[in-house]
Amino acid sequence: MTPVKCGLVAAVLAVAGLSVMAQSAPVLDVTGGQIRGEYLPGGGAVFRGVPYAHPPTGDFRWRAPAPVAAWTGVRDARVFGAICPQQPSVTLPNAPDLISEDCLSLNVWTSEWPVSKARRPVLLRIPGGGNINGGTSEARYDGHTIARRGIVVVTINYRLGSFGFFSHPALTAESPRRASGNQGLLDQVAALEWVHANITRFGGDPTAITLAGSSAGGIDIGALMTSPLTKGRFARASIESGPARNALGDPLPLDEAERQGAAHAARWGVQPAGSLRELRAIAMKTILDAQPARPVAFLNLSVDGYVVPAPPALVFASGRQHAVPAIMGSAARDFTPGAPPPTGLTALINERYGPLADRARPLYATDDPLYGTPEVQWATDVGFRCGTILQLVEHVKAGHPAFAFEFARLVNPPIQPGGNIHGLNGTYVLGTLATRGEGTKLAPMTVTPADTRLSDVMQQYWVNFIRTGDPNGPGLSTWPGFREPERSYVQLAEAGVTVKQGLRRWQCEVYIEHLDSLNRRRPDR
């Protein structure tokens, strides 16, 4: 055969091979119809933008998620779905180009395709963002790297802010449950049910689902750990910088959430007596333009008597949360993202702690090389750290295994005011640290070999926990379980892993004692 003919044959075979590969792209049946994903480099497959509920548009706005609408043909699942309505933010500055009310989709990564009969544990990651922004198309939530360690990874979009946590008297009256608000939390429940119904087709084990999330994702998981709608529906939980006791305080009771929700709706240009039909006809942009830029209590979790029957913090305090093993932790400098450290610290301590203030003030007198200025220490303690310690104490008191961590990888120069590293740990767990900055306005950060090693160790710990409910395994420093009075935890830092005890013990003792005194006076205790 001449060289020319050989070249033609090779070209024909190459084209034929590409055609076969295109035709053999991963396709499978899920609730609603067939989807086509794409192969991952090195093996496995990913399916993006898979709908798990009916689009919450038109008359479906603010309703509980409805069953997914069926489609014909094979749906393209190679690109992410739209993110839920939100204003531009540091992590999603191009949000206006990405948002739609038709946003209830999820993504699945599996390191094996076609799947075998063996079933792999499942990580269901809930994005953070104060329940007011965020979405799974952010590069930091990519599940490819950690899935390659032998698990199936699912990430979900859920409704946010004025569309996902909006209470109103007319919505409560319309609801067969006489509840409103928490639409985004109901979306998370619907996504969990979709995983139960479909994950075996991706090689996943529906009896081995771990819910994990940072910040609002963690706070929402704490609520799901107290909801009757999710009892027995997941096996483990990882709550990262997201305790039930957090910077926003307890969720509002339904009547107060309704009152503030109605006042919020008045800013949309509709008369106070306007019907739900009129409210549902308001343009998405009009609603977003009236929404606060930062998380607020009236556009967040509320005690609706249905999905959240009681304040999650009180459920944990009474030991009635779901009996699942849990990882819980916070960062060394961990407070509201983008916010400067507070000022007027003495007045803040006096106002919060009252008769305990004399004990508290000396604990916030000097700078600390790890924990920062007294103001940063205070913001972290009362915002995320001591609430996490309290939740760990309550979880083990109820007889459930728990493992505590402190993420202590400081960044110099700081990437947020006060050296705040809130939420940074999630990129180490997912192995996505190198993507930091992609499509964002986040300050740059140099990734060192030590960061890569720390991420590898954290992935091993979390994958072990996802598999067994225990993060320990071969080649890793022992991570002791949390218990009183030692309160052991692992400190995860650039230098490696260190086992310690009693994280900020005296500061958190005052915090816990203060909350105990408040709880004793609560009529709903």
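**Entry 1: a starting point, and the model**

I began at P485, which lies in the loop between helix 15 (449-468) and strand 15. Helices (H or I, at least four residues) and strands (E, at least two) are DSSP runs, numbered from the N terminus. I noted that E484 and P485 are joined by a cis peptide bond, with omega about 0°.

I recorded that this is a predicted model, in which local features need pLDDT of at least 70 and side-chain atom pairs count only at pLDDT 80 or more, while totals for chains, interfaces and linings use all residues. Residues are numbered from 1 along each chain as its sequence is written, and side-chain values use heavy atoms, with hydrogens and water left out.

**Entry 2: the chain as a whole**

I looked up the secondary structure and found 16 helices and 16 strands. The radius of gyration is 24 Å, close to the 24 Å given by the globule rule for 525 residues, so the chain is as compact as a globular protein of that length. This radius is taken over C-alpha atoms, and the rule is 2.2 Å times the number of residues to the power 0.38. Along the principal axes, the C-alpha atoms fill a box of roughly 95 × 60 × 40 Å.

I then looked up burial: 57% of the 525 residues count as buried. Buried means under 20% relative accessible area, exposed over 50%, and partly exposed in between (1.4 Å probe, protein chains only). For contacts with a separation of 6 or more, I noted that 75% are made by residues 24 or more positions apart; contact means heavy atoms within 4.5 Å.

I traced an open sheet of 11 strands, with mixed pairing and the order 3-4-6-8-7-9-10-13-14-15-16. Strand 3 (38-39) and strand 16 (496-501) stand at the edges with a single partner strand each, so one side of each is left without a neighbour in the sheet. Two strands pair if DSSP finds at least two bridges between them. In general, strands of a sheet pair through backbone hydrogen bonds, either parallel or antiparallel.

How do strand 15 and strand 16 run? They run antiparallel and are joined by 6 bridges, strand 15 covering residues 488-493. I found V490 bridged to V499 of strand 16.

I turned to strand 13 (residues 326-331), where 6 of 6 residues are buried. One side carries A326, M328 and S330 and the other I327, G329 and A331, and both faces are covered.

Strand 10 (residues 236-240) runs parallel to strand 13, with 4 bridges between them. I noted I327 of strand 13 as the bridge partner of S238. Strand 14 (residues 402-407) also pairs with strand 13 in the parallel sense, over 6 bridges. There, A331 stands opposite F407 of strand 14.

**Entry 3: strand 7 and its partners**

I found strand 7 (residues 120-126) mostly covered, with 6 of its 7 residues buried. Strand 9 (residues 204-214) runs parallel to strand 7 and is joined to it by 6 bridges; L124 stands opposite L211 in strand 9. Strand 8 (residues 152-156) pairs with strand 7 in the parallel sense over 4 bridges, and V152 of strand 8 is the bridge partner of V122.

**Entry 4: L171**

I located L171 in helix 4 (residues 169-174). Is L171 buried or exposed? L171 is buried, at a relative accessible area of 3%. Apart from neighbours within four places in sequence, its contacts include W62, F166, L276 and R280. I also looked up E375, which is 204 residues from L171 in sequence and 41 Å away in space, C-alpha to C-alpha.

**Entry 5: backbone exceptions**

Most residues other than glycine have a negative phi, and most peptide bonds are trans. I therefore listed the departures found here.

- A cis peptide bond joins N412 and P413, with omega about 5°; P413 is in the loop between strand 14 and helix 14 (425-430).
- N182, which is not a glycine, has a positive phi of about 60°. N182 lies in the loop between helix 4 and helix 5 (183-198) and is buried, with a relative accessible area of 0%.
- R504, also a residue other than glycine, has a positive phi near 45°. R504 is in the loop between strand 16 and helix 16 (505-520) and counts as buried at 10% relative accessibility.
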